[in-house]
Amino acid sequence: MVAEHPVFTRDEKERLEQFRLTVGESSASLVQQLHDEHHLKGLLEQLVEEGHFPSMIVAGSQFMKRYGFMTVVPILYALTMWDKTILAGPDELCYEVDTNVEPWMMKLMIDNDVDVTTIQKDRVEIRAALANKLINENLAPFVEAMVKATKLSAAILWENVSIYLFWLYETLIPSEGNKDQVRRAKDDFHFLLKEFNCTSFTCGANPFMPYYSEKVKREEGEIRFRRTCCLYDQVSEGGACCKTCPKAR
């Protein structure tokens, strides 16, 4: 039996808010707007003009990292940890951007009446449907719009999302989850890496697998170096690179 419209617990809502996804709020701005290259370009130009980023390509890469985190982490965390699905389509998520603060802020929102489903059977089918909404209907068109708006490489953009997927399933959930949750994490991660098919021309058969390389042992621990540079060094203090940047090899 599937229970309809369950309410997130207070603890669950607080956890989602830590991932920049707020339950019980909405705005006039649907994520669908970000799929319009002209709207997206105007937003990025505003961030550059107000001094948050030095150029459009840097703004685009860092915006992708933030958007990737706010979609992939809370939505897949809820799926794996709580067996709850959050509708992840571009016409089901709202967003807000505040450029009047430093650093600039962005969050995603879902209304209280969102169709949240507790999974008790047919989990494989439900997971596949959620992944299709999240990736093929949401992230992939967003990447396509970002490529057109900034001329950034799609590889940089997809890797900006992949790093959060890897962190979620390799680090966060194993450190927090119980035995069943860790087991689900392994199964969900395998599906997303090995079985999910992307329909966008920007990502090939799978948007994550190309960046899932072997980790390298270093003094500070095992590191999976990126294939691409996210341009963080152009906004960081002293021009420091991410520790996983290919420039840091």
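Predicted model: local features only at pLDDT ≥ 70, side-chain atom pairs only at ≥ 80, totals over all residues.
Residues are numbered from 1 along each chain as its sequence is written, and side-chain values use heavy atoms, with hydrogens and water left out.

**Overall architecture**

- The protein chain contains six helices and seven strands, these being DSSP runs numbered from the N terminus (helices: H or I, at least four residues; strands: E, at least two).
- Read from the N terminus, the order of elements is α-β-α-α-β-β-β-β-α-α-α-β-β.
- The protein chain is as compact as a globular protein of its length, because its radius of gyration of 18 Å is close to the 18 Å that the globule rule gives for 249 residues. The radius is taken over C-alpha atoms, and the rule is 2.2 Å times the number of residues to the power 0.38.
- The C-alpha trace spans about 55 × 45 × 35 Å along its principal axes.

**Burial, contacts and charge**

- Of the 249 residues in the protein chain, 49% are buried (under 20% relative accessible area, with exposed over 50% and partly exposed in between; 1.4 Å probe, protein chains only).
- Contact means heavy atoms within 4.5 Å. Among contacts between residues at least 6 apart in sequence, 70% join residues at least 24 apart.
- The protein chain carries 29 positive and 37 negative charges, whose mean positions are 7 Å apart. Lys and Arg count as positive and Asp and Glu as negative, whereas His and the chain ends are not counted; each charge is placed at NZ of Lys, CZ of Arg, CG of Asp or CD of Glu.

**Strand β4 and its partners**

- Strand β4 (residues 105-110) is mostly covered, with five of its six residues buried.
- Strand β1 (residues 21-23) pairs with β4 in the parallel sense over three bridges; two strands pair if DSSP finds at least two bridges between them. Thr-22 stands opposite Met-109 in β4.
- Strand β3 (residues 94-98) pairs with β4 in the antiparallel sense over five bridges. Asp-98 has Met-105 in β4 as its bridge partner.
- A hairpin is formed by β3 and β4, with six residues between them.

**Tyr-95 in strand β3**

- Tyr-95 belongs to strand β3 and counts as buried, at 5% relative accessibility.
- Beyond its neighbours within four places in sequence, Tyr-95 is in contact with several residues, including Ser-27, Leu-30, Val-31, Leu-34, His-39, Met-106 and Leu-108.
- Tyr-95 and Met-106 are 11 residues apart along the chain, and their C-alpha atoms are separated by 7.2 Å.

**Helix residues**

- Ser-162 lies in helix α5 (residues 154-176) and is buried, with a relative accessible area of 0%.
- Not counting residues up to four places away in sequence, Ser-162 touches Pro-207, Phe-208 and Tyr-211.
- Leu-79 is located in helix α3 (residues 56-82) and counts as buried at 2% relative accessibility.
- The C-alpha atoms of Leu-79 and Ser-26 are 21 Å apart in space, and the two residues are 53 residues apart in sequence.
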